[in-house]
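Work through the following exercises with the model open beside you, and try each task before you read its solution.

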Amino acid sequence: MIILFISNIILARLLSPSDFGLIGLLTIFVSLANVISESGFNSALIQRKDIEDIDYNTVFYWNISVSVILIIILYFSAPSLGEYFGRDELCPTLRVMSIIMLINSLCTVQITRLMKLLRFKILALRTICAALISSVIGILLAWYGFGVWALVWQSIFSSLIGAILLWSCSGWTPALQYSWGSFRKMFKFGAYIFISSISNTLYENLQSFIIGKSFSIRDLGFYTQAKKIETVPVEGTSSVLNAVLFPVYSSIAHDRERHINMVRKNINIITYITFPLMLLLIVIAPDLFRILFTSKWDESIPMFQILCVFGMFTPLNIANTQIFRAIGEGKVFLILQTLKRLVGVMMILAFIQFGLYAMLWSIAGFGILSYGLNLIFTDKVFGYSFKLQFKDILPNLVISLMVFILCILLMKSLNLNNNWIGASIGIIVFLCSYLLFSYIFKLKSLNLIITLIKERRK
């Protein structure tokens with residue numbers, strides 16, 4: 001996260017908002033194709049207990065076959081897409097960037113095996129090395145004037161280096177075997193996850209698609225940058241939760257009481273960290289963006305602040321939905337995710353007519369509404385009641401909002417012109433106030449974190 005964050009700062013100073021807008025468009029198609037290639041079978045590999053080598057091999061060759069087909073489709077559809085968005089450079093960049101799908105398809109089974117075995121250290125080292133080397137490549141290309149191609153090749157090298165490292169240390173290589181019986185065995189669960197992932201990816205990229213088509217590539221560039229910064233804490237946390245909670249929850253799914261207790265602890269800790277973090281970022285957003293990117297990116301600031309409201313509930317929503325995957329309720333997972341995406345799309349389409357910021361506020365509101373829908377399903381299917389979960393998160397939310405209001409009033413009264421001083425005061429006051437109130441009101445989440453730290457030291 002730190003590597004990519006620093007890389008993004010440097011690239012934002014070297015490249016234009018339009019460059020980031022174009023890469024935002026490319027990401028729509030590549031992300032969707034990656035989900036289709038994975039097809040939900042990797043989730044089935046993690047969830048099932050009786051997995052054999054032939055199952056891994058079957059998924060491996062399925063992923064490769066689908067990715068090759070998708071690359072061919074993108075290659076021939078790229079000119080039409082470039083014409084539709086009015087950007088000729090979309091065609092060659094999309095054709096080249098589609099290579100990422102093939103590279104990723106070579107790695108998904110290895111990653112799944114390591115996740116299932118809870119060997120996250122290997123995955124972390126692989127990701128760090130790939131991010132570091134590809135970031136250096138991207139920055140050098142941007143420095144020498146390659147424009148959007150710097151971002152394209154950074155993405156390709158990130159996947160390629162990650163693949164090389166993974167094949168070197170994963171301890172698994174595919175055999176020449178494929179089983180339709182194995183395919184059918186995993187299809188029942190994987191199909192639900194696949195359809196859910198498709199709807200989720202379509203929704204997540206719908207904003208970029210609409211902004212790129214209904215507004216401008218430049219606006220999409222500002223949005224993409226705002227989303228990138230929001231992604232650092234939100235998606236960073238979410239990716240960890242996705243990787244860790246699913247296999248861990250799956251391993252204890254047979255013990256419902258223990259499972260519920262673990263979910264409650266996770267919810268407490270997640271909200272204790274993410275609620276204040278996202279509200280702090282809203283407070284210091286103007287100073288933060290001008291320090292990192294200069295005033296060239298000022299139009300990203302309000303977009304970022306709105307996205308932070310949505311980001312407050314993203315890790316919380318993930319922690320809830322992972323429950324259904326872990327206990328094998330793929331159908332419930334599909335129904336819930338599809339329902340949420342349909343609501344989200346309707347909200348976007350209803351508010352887009354009022355402008356870009358109205359659409360962004362509808363996304364923020366959808367994040368809160370999604371949590372409400374998650375609570376209903378978690379209560380009915382899993383037994384973690386609405387009342388009990390609300391009781392777990394409410395103290396963290398109230399304290400975070402109290403500190404947020406305090407800091408907003410303080411920053412407005414000071415009216416500082418120095419961005420470094422403003423950001424520093426905002427961070428110090430927010431964190432000190434939050435910890436002080438946590439101690440005064442004896443928040444359960446703080447005690448849980450202290451206990452975990454003490455146990456770790458032993």
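**Exercise 1. The chain as a whole**

Task: Find how many helices and strands the chain has, and state what share of its residues is buried.

Solution: Begin by recalling that this is a predicted model, and that the mean pLDDT of the chain is 83, with 88% of the residues reaching 70 or more. Among the elements, helix α17 (residues 419-440) has the highest mean pLDDT, at 92, whereas helix α3 (residues 41-47) has the lowest, at 67. Next, count the elements, which gives 18 helices and 0 strands. Then turn to burial: of the 458 residues in the chain, 54% are buried. Lastly, take the contacts between residues at least 6 apart in sequence, of which 82% join residues at least 24 apart.

**Exercise 2. From Pro 92 to Trp 149**

Task: Decide whether Pro 92 is buried, partly exposed or exposed, and find which residues Trp 149 touches.

Solution: Pro 92 is placed in helix α5, and its relative accessibility is 35%, so it counts as partly exposed. In sequence Pro 92 is 10 residues from Gly 82, and the two C-alpha atoms are 9.1 Å apart in space. Now move to Trp 149, which lies in helix α9 (residues 148-169) and also counts as partly exposed, because its relative accessibility is 27%. Leaving aside residues up to four places away in sequence, Trp 149 touches Pro 92, Thr 93, Val 96 and Leu 141. For Trp 149 and Thr 93, the separation is 56 residues in sequence but 7.3 Å in space, C-alpha to C-alpha.

**Exercise 3. An arginine in a helix**

Task: Is Arg 126 buried or exposed, and which residues does Arg 126 touch?

Solution: First locate Arg 126, which is in helix α8 (residues 120-143). Its relative accessibility is 16%, and therefore Arg 126 counts as buried, since buried means under 20%. Not counting residues up to four places away in sequence, Arg 126 touches Cys 107, Ile 111, Gly 162, Ala 163, Leu 165 and Leu 166.

**Exercise 4. Positive phi values in loops**

Task: Say where Thr 294 and Lys 442 are placed, and what phi each has.

Solution: Thr 294 is in the loop between α12 (256-293) and α13 (300-326), and although Thr 294 is not a glycine, its phi is positive, at about 70°. With a relative accessible area of 30%, Thr 294 is partly exposed. Lys 442 is in the loop between α17 and α18 (444-457), and its phi, near 50°, is likewise a positive value in a residue other than glycine. Lys 442 counts as exposed, because its relative accessibility is 67%.

Key:
Residues numbered from 1 in each chain as written. Predicted model: local features only at pLDDT ≥ 70, side-chain atom pairs only at ≥ 80, totals over all residues. Heavy atoms only, no water. Helix = DSSP H or I, 4+ residues; strand = E, 2+ residues; numbered from the N terminus. Buried < 20%, exposed > 50% of the residue type's maximum accessible area, 1.4 Å probe, protein only. Contact = heavy atoms within 4.5 Å. pLDDT = per-residue confidence, 0-100.
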